Amino acid sequence: MDNDQVTLLDFWASPAGMRVRIALAEKGVKYEYKEQSLRNKSALLLGMNPVHTKIPVLIHNGKPICESLIIVQYIDETWKQSPLLPSDPYERAQSMFWADFVDQKIFDLKGKMIWTAEGEEEEAAKKDFIDCLKLLEGELGAKPYFGGYSVDGDGDQEKR
Ligand SMILES: N[C@@H](CCC(=O)N[C@@H](CS)C(=O)NCC(=O)O)C(=O)O
């Protein structure tokens with residue numbers, strides 16, 4: 001895997017991009033970072049992600065992988081050291097459920113709404129946003145990590 005060519009098309013402030021950068025850092029994968037303009041999209045970005053034309057895109061040995069959650073799964077399956085997702089299928093599904101919850105409820109609905117809404121609508125969005133964070137906080141409970149107790153990603157289920 002040492003000869004792998006890994007490139008990340010990203011934008012510094014992107015939460016989806018950060019997800020991928022954290023996964024690559026946890027795995028110790030070396031990669032070339034290519035900052036992208038979201039206003040003036042490069043031919044490379046349009047060519048690598050023609051469907052959504054969004055960052056992040058991971059390019060592994062010339063082949064693009066798009067959508068941050070799919071990229072994280074790909075990274076976990078390609079570089080096996082320091083597993084990110086639990087090996088147990090049920091625990092794995094739960095991890096994906098909460099990651100999807102963050103995308104659907106926190107990024108898409110509440111995040112954008114708080115930026116754009118005004119007055120009562122903004123107040124309602126803020127309340128919803130805090131309720132979502134409380135839900136996540138409740139799910140985390142007293143565990144040090146979202147997926148369990150251990151840093152090696154096995155979920156350490158007997159301690160749950
Ligand atoms: N669901 C996507 C979301 C990616 C996304 O929204 N990327 C934004 C930057 S944070 C983007 O490229 N925006 C440009 C556009 O919408 O044209 C993922 O998880 O990768």
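What share of contacts between residues at least 6 apart in sequence joins residues at least 24 apart? I looked this up in the protein chain, and the share is 51%. Contact here means heavy atoms within 4.5 Å.

**Ground rules.** I noted that this is a predicted model, where local features need pLDDT of at least 70, side-chain atom pairs count only at pLDDT 80 or more, and totals for chains, interfaces and linings use all residues. Residues are numbered from 1 along each chain as its sequence is written, and side-chain values use heavy atoms, with hydrogens and water left out.

**Overview.** I listed five helices and four strands in the protein chain. Helices (H or I, at least four residues) and strands (E, at least two) are DSSP runs, numbered from the N terminus. Their order from the N terminus is β-α-β-α-β-β-α-α-α. I then checked burial: 36% of the 160 residues are buried. Buried means under 20% relative accessible area, exposed over 50%, and partly exposed in between (1.4 Å probe, protein chains only). The chain exposes about 10,100 Å², and carbon and sulfur atoms supply 57% of that area. Accessible areas come from the Shrake-Rupley method with a 1.4 Å probe; for residues, only the protein chains shown count as cover.

**The sheet.** I traced an open sheet of four strands in the order S2-S1-S3-S4, with mixed pairing. Strands S2 (32-35) and S4 stand at the edges with a single partner strand each, so one side of each has no neighbour in the sheet. From one strand to the next, the twist averages 20°. Axes are lines fitted to C-alpha atoms, for helices over the stretch in contact, and angles run from 0 to 180 degrees between N-to-C directions. Helix H1 (residues 15-27) packs on the sheet and touches S1, S2 and S3. The direction of H1 makes about 155° with that of S1.

**Strand S3.** I looked at residues 57-60 one by one. Val57 and Ile59 point one way, Leu58 and His60 the other, and all are buried. Strand S1 (residues 6-10) runs antiparallel to S3, joined by four bridges. Two strands pair if DSSP finds at least two bridges between them. Thr7 stands opposite Ile59. On to S4 (residues 63-66): S3 pairs with this strand in the antiparallel sense, also over four bridges. Leu58 has Ile65 as its bridge partner, and His60 has Lys63. S3 and S4 form a hairpin with two residues between them. Asn61 in the turn has a positive phi of about 50°.

**The ligand.** Which residues are around the ligand? I found Ser14, Ala16, Leu38, Lys41, Lys54, Ile55, Pro56, Glu67 and Ser68. The criterion is a heavy atom within 4 Å. Next came the polar contacts (a pair of N or O atoms within 3.5 Å; within protein, one must be able to donate a hydrogen and the other to accept it, and residues adjacent in sequence count only if both atoms are side-chain atoms). A polar side-chain atom of Lys41 lies 2.4 Å from a ligand oxygen atom. For Glu67, an N or O atom in the side chain is 2.8 Å from a ligand nitrogen atom. Ser68 places a polar side-chain atom 2.6 Å from a ligand oxygen atom. The ligand has 520 Å² of accessible area on its own, and the protein covers 70% of it.

**Ser42.** I ended in the loop between S2 and helix H2 (43-48), where Ser42 lies. Ser42 counts as partly exposed because its relative accessibility is 24%. Its side chain reaches the backbone nitrogen of Leu45 at 3.0 Å. The C-alpha atoms of Ser42 and Leu9 are separated by 10.0 Å, with the two residues 33 apart along the chain.
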